[in-house]
Amino acid sequence: MSWEKEIEELRRRQAYAKEMGGPEKVARHINNGKLTVRDRISKFLDEDSFTEIGSVTGKVEYDENGEIESMMAANLITGRGKVNGRKVVVAGDDFTVRGGANDAGIREKLIHVEMMANQLQLPLVRLVDGTGGGGSVKNIETDGRTYIPAVRGWEHVVDNLSTVPVVGLALGSTAGLGAARVAASHYSVMVKETSQMFVAGPPVVARVGEKLDKNELGGSNIHTRNGAVDDEAKSEQEAFDMAARFLSYLPQSVYELPERTDPIDDPERRDDWLIEAIPRNPRQVYKMRKIIKSLVDKDSFFEMGAKWGRSVITGFARLDGWPVALMASDPYHYAGAWTSDAADKVLRFVDLAETFHLPVVHLVDIPGFLVGREAEEQATIRHGVRAMTAVFQATVPWCTIIIRKTYGVAGAAHMNSSRFNLRYAWPSGDWGSLPIAGGLEAAYKSEIEAADDPEAKLQEIEDRLNKLKSPFRTAERFMVEEIIDPRDTRKLLCEFVDLAAPLRKTGRPSFGVRP
């Protein structure tokens, strides 16, 4: 009456599946410097925490007696596990089986794993290697037909962007649907040299006259600089560590709030060097990241997307243990002006904060949008107003610290001025519709031209106006709420997150992340 025979059959099929693409293909995969999908899952998840779903999925050949002759394992491994004690859903491509092409029940598993994350309200981590469920021309001969392209189940991918944190790790050559699964995430990472991403790989591109190797076509040096992928890791293990750290700042889903950790840093801490952090010369640059690290909890700043849209810095941090989304200007790039890429970066980041209920801290030094022919060709104003719209649509608590410049339409996007936000300015604050030096000749053209010495007259007018642009004159009219000692900034930011904590609300946002 026992079912032991069937359990033995189950174990035998599971053993077949764990052989993946077979010894030869597995060895070739490892020799190319990559981990197998099962090793990836093991190294990413907490020890012994993985529960596989679909462990015997594959294409099986039977003999005349109905016994298994061979089995090609499915090239997608799915299941649940834990990262730092928190549950996640994992989907890992097995490149050793048909390079990740669409077969062996992978389509059904792709849909199932997306639904699993959505319905269980758990973060989803995609370990992508290959076409990630995309097609192969071999399927034409195998199936005896072609088909009209459709990505069945993509609605679940879209829905997850508004429901659970999604991470895409490109761990090999990803193309087509595989590349799309990396891009359709809240955070993505490529591994230097071993990861590539393209719409179509080198053989296809060669047919249109471009002969490029994989890294020339779609290496991490390309995609981490154009915004398609957020970050670059030196190894697969570093990519896993980056993904785990990203998830540590977020809730399990939009139906929860980001968790506070035990405070490790004094909220009253004052760093005296901040009083001289901003040069008096408005053309001189300074290191914004050093300021960020001074203001947030020690070692808590996690930057994302450092290599693209570089005039804006984005990342997560903690203040008195509370997680926040932190955005800051970087004067080392275009003096902090918003480029088209920087505006796209702002839009995605604000959407991320809004989706997962993270208060926003914005450290501002924005001289405006980037100007010039190239900026116009890149439709900077279109990208800019989309970013500004995202800022005005955000409902999460928001605190702005004006560090230096705040000019023009881009400067106006430092917060949503139509609702209550906390805002402070350092005494180095410098603001207006446009910089004085840039608008003098147009505004005082006739006066300058009529002068005996136009150059001297121009300097006289500039000196006169500069005396009027003190931030204290703005504060007199309550057009900036408070000017603060830079050394008090951390204390005020910690007060902000304590005030913000009870104001955060769970639930789906009114709009989803725009990937």
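Predicted model: local features only at pLDDT ≥ 70, side-chain atom pairs only at ≥ 80, totals over all residues.
H13 covers residues 340–355, and H15 covers residues 380–393. The two pack with their axes 8 Å apart, at an angle of about 20 degrees. Angles under 35 degrees count as roughly parallel, so H13 is roughly parallel to H15. The crossing is left-handed.

Who makes that contact? On the H13 side we have Ser-340, Ala-343, Asp-344, Val-346, Leu-347, Val-350, Asp-351 and Glu-354. On the H15 side the list is Thr-380, His-383, Gly-384, Arg-386, Ala-387, Ala-390, Val-391 and Gln-393. Sorted by class, this contact of H13 with H15 holds seven nonpolar, five polar and four charged residues.

Next, the other helix pair, H3 and H11. H3 is residues 37–44, and H11 is residues 236–248. Their axes come within 10 Å and cross at roughly 45 degrees, and H3 and H11 are therefore oblique to each other. The crossing here is right-handed. From H3, the residues involved are Arg-40, Lys-43 and Phe-44. They meet Glu-236, Gln-237, Phe-240, Ala-243 and Ala-244 in H11. By class, that contact divides into four nonpolar, one polar and three charged residues.

Now to the nonpolar cores. The largest one has 59 residues, and the members that touch the most others are Phe-246, Phe-316 and Trp-338. Which helix gives this core its largest share? That is H13 again, with eight residues.

Take Phe-246 on its own. Leaving out residues up to four places away in sequence, Phe-246 touches Val-167, His-186, Tyr-187, Phe-302, Met-304, Phe-316 and Leu-352.

Last item, Ser-311. You will find Ser-311 in the loop between strand E11, residues 302–304, and strand E12, residues 312–319. Is Ser-311 buried or exposed? Its relative accessible area is 1%, and the cut-off for buried is under 20%, so Ser-311 is buried.

What does Ser-311 touch, setting aside residues up to four places away in sequence? The contacts are Ala-328, Ser-329, Asp-330, His-333, Gly-336, Ala-337, Trp-338, Thr-339 and Ala-342. One distance to finish: Ser-311 and Ala-335 are 24 residues apart along the chain, and their C-alpha atoms are separated by 7.2 Å.

Technical notes
Residues numbered from 1 in each chain as written. Heavy atoms only, no water. Core = buried A, V, L, I, M, F, W, Y, C linked by side-chain atoms within 4.5 Å. Buried < 20%, exposed > 50% of the residue type's maximum accessible area, 1.4 Å probe, protein only. Helix = DSSP H or I, 4+ residues; strand = E, 2+ residues; numbered from the N terminus. Contact = heavy atoms within 4.5 Å. Axes fitted to C-alpha atoms, helices over the stretch in contact; angles between N-to-C directions. Parallel < 35°, antiparallel > 145°, perpendicular 65-115°, else oblique. Left-handed = near helix turned anticlockwise from the far one by under 90°. Nonpolar A, V, L, I, M, F, W, Y, C, P; charged D, E, K, R; others polar.
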